[in-house]
Amino acid sequence: MIARSFALLLALFITSMPLGLSAQGADWRTPAEISNYRTTPDYAETVAYLERIAQAAPGQVRIENFGQTGEGRDLKIVIVSKDGVFDPAAVHASRRAILLVQNSIHAGEMDGKDACLSLLRDIVIAKSKAALLDNVVFVFIPVYNIDGHERRSAYNRINQNGPELAGWRGNASNLNLNRDYMKADAPETRAFLKMFHRWLPDFFVDDHVTDGADYQYDVTFTIDATPDVAPATAKWIRDTVTPELERQVNASGHLAFPIYITLNDDSDPAKGLAFNPDEPRFSTGQMILEDRPGMLVELHMLKDYQTRVTGNYEILVALLNVMNRDATKLISLNHGADAAAAKLGTHPFSNERFPLAIDWNGETRPTLFHGCQFTRQLSEVSGAMWIKYNHEPWNITLPLASEGKVTTSTTVPAGYIVPPQWTHVIDVLAAHDIAVRRTAAPWTGKVERYRCGGMQWQGPPFEGRHPASDGEGAGTQPGHYGQCTLMTETVSFPAGSVVVPLNTRLSKVAIQWLEPDAPDSALRWGFFDPIFEQREYGEAYVVEKLARENMAKDPALKAEFEHRIQTDPHFAASPDARLEFFYERSPWYLQNRIGEYPVGRLLTLDGLPLE
Ligand SMILES: [Zn+2]
């Protein structure tokens, strides 16, 4: 009790200090600052603070709705612009770079929200950071997963050191929005994609708090730089942005590490740091396909809330500094990448292959790591090794799996043609704002199509589906879920079929969605599952007749059957399998067209009867 009273007195003392007071004497401290970082505001308090700032600085701040969550809450962006230009087209015309920061996609991880409130105040009220708007328009989503954010509890984030109440990782339907970017099941994702394409920001940030190991760093970050996808942007990020952010964050008194830290072995940090491929299900993976630099910011879960919020603040300031200095370069890199994406379909089936999946290239480089000392002992509870960290520094050189390589790739067709009945697949293309055309009449022509077989589906649900993979982590393993092979054939497509030309800045999104071997393709997420179902079948007494007739006509078939009986006891013991053997080797079975992937890869767009 004594300790509690003391804490209360201390809190009262701190709240009476003149932090965040403007020249006019008004109290502009954020709700988190007022609580001395003990708490984070709920959505209503967050929006009230933002509206108060917008009223005080109407010429520089505008709050707009961009959709609704599953539970009907208004999704909001805050636009911060030095001269009151709040229209995206006008901002692009003014040659200023646009930064979009997303907070609380995992709504227990609210550090970025509270950092953005402080930053907004410092830009437009205190004006100590006003210069950050010179060449940049700052747009942020205060809370993305609002429904999860309002599911507040002291028991949502067992790994995390404060604040007192935190939100929930999933949205109202318990989907992890940071696995939903490609399949776009959630209303939040759909609203995000529309807003994103309206603004088309030059740089994107997704703020999180870690799970995982203990170490000294409080700010970790990864900026996706994929040399195989956008080489010029990757070079700028690697040579300029990443080292500059690390330097500035460290200079502010925080400690940054320029990679999101994942251990090769959770129970033994000495085994080094793993590679994290960013598939299109993630916000930052989506950014690779959108050709925009995307930064994952991860504050360390065991640091106190004040350290984390101020660390998040410093990396955003550092990024805004770099963007202000290099705005023209960034805008031109993005234009160049967009133009390259729009040309993907112009030389169909050229030698240049398009990367579908990237994974670790097998090499490591020694990296100085500021970890925490630990002991390991056999646990009588788990039966496995138990790692216990203490807070003493452990500064060591560890192997870092830093480089990726392309593990799956494809040639690029002129475009795709999707039969009109695959409405859910087409609907996701629309959610991504991919421009499509429809055929005005039936069309028959030569296309490439896949035949897929040996499929495996995940048993327990993953993100509300049963994908053809082992779920998380297995996405980049080629051949893990089945095998698809290309065939060139003449196929008829009905009128109303959707033609997807690969001549827009979103060509990469379309390829990832429609190529079955891509880790987050429509096929992998189960959108094409019915093609793997056998619809017609033979009754046993009917197939008996077929079996006898065909064995009489075809001695090789009879020999194959008898060999199977002798060598495969399971087969020999199953009356159904023995009859199915004959059905599967008849023209009746072929009519089921099992595994015939219905999307055509177009050799050319010429001659299509387009609307
Ligand atoms: Zn997270």
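**Zinc site, buried residues and ring pairs**

Trainee: Which strand holds Val297?
Mentor: This is a predicted model. Val297 falls within residues 294–299. That run is strand β8.

Trainee: Is Val297 buried or exposed?
Mentor: Buried means under 20% relative accessible area. Val297 has a relative accessible area of 0%, so Val297 is buried.

Trainee: How far apart are the C-alpha atoms of Val297 and Asn312?
Mentor: Asn312 is among the contacts of Val297, along with Ile315 and His208. Val297 and Asn312 are 15 residues apart along the chain. Their C-alpha atoms are separated by 7.6 Å.

Trainee: Which residues coordinate the zinc ion?
Mentor: The donor spacing in sequence is H-x2-E-x98-H. The donor atoms are ND1, OE and ND1, at 2.1 Å. In that order, they belong to His106, Glu109 and His208.

Trainee: Is Glu109 buried or exposed?
Mentor: The cut-off for buried is under 20% relative accessible area. Glu109 has 2% relative accessibility, so Glu109 counts as buried.

Trainee: Lys303 has no salt bridge; how far away is the nearest side chain of opposite charge?
Mentor: Lys303 sits in the loop between β8 and α10, and Lys303 is buried. The nearest side chain of opposite charge is that of Asp214. A salt bridge needs the charged atoms within 4 Å. Asp214 is 4.2 Å away.

Trainee: Which residue's backbone oxygen does the side chain of Lys303 reach?
Mentor: The contacts of Lys303 include Asn161, Gln216 and Tyr217. The side chain reaches a backbone oxygen at 3.4 Å. That oxygen belongs to Tyr217.

Trainee: How many aromatic pairs does a search of the whole structure find?
Mentor: One cluster of linked rings includes Tyr144, Tyr181 and Phe192. Phe196 and Phe204 also belong to that cluster. Across the whole structure, the number of aromatic pairs is 28.

Trainee: What is the geometry of the Tyr37 and Tyr305 pair?
Mentor: The ring centres are 6.4 Å apart. Planes over 60 degrees apart count as edge-to-face. The planes of Tyr37 and Tyr305 are at 70 degrees, so the pair is edge-to-face.

Trainee: How far apart in sequence are the parts that this pair ties together?
Mentor: Tyr37 lies in the loop between α2 and α3, and Tyr305 in helix α10. Both Tyr37 and Tyr305 are buried. The parts tied together are apart in sequence by 268 residues.

Trainee: Which strand holds Trp394, the partner of Phe374?
Mentor: Phe374 and Trp394 form an edge-to-face pair, 5.0 Å centre to centre. Phe374 lies in strand β10. Trp394 lies in strand β11.

Terms used
Residues numbered from 1 in each chain as written. Predicted model: local features only at pLDDT ≥ 70, side-chain atom pairs only at ≥ 80, totals over all residues. Heavy atoms only, no water. Helix = DSSP H or I, 4+ residues; strand = E, 2+ residues; numbered from the N terminus. Buried < 20%, exposed > 50% of the residue type's maximum accessible area, 1.4 Å probe, protein only. Contact = heavy atoms within 4.5 Å. Lys, Arg positive; Asp, Glu negative; His and termini not counted. Polar contact = N/O pair within 3.5 Å; in protein donor to acceptor, adjacent residues only side chain to side chain. Donors = N, O, S within 2.8 Å, 3.2 Å for Na, K, Ca; no water. Phe/Tyr/Trp six-rings, centres within 6.5 Å; stacked < 30°, edge-to-face > 60°. Lists of a residue's contacts leave out its neighbours within four places in sequence.
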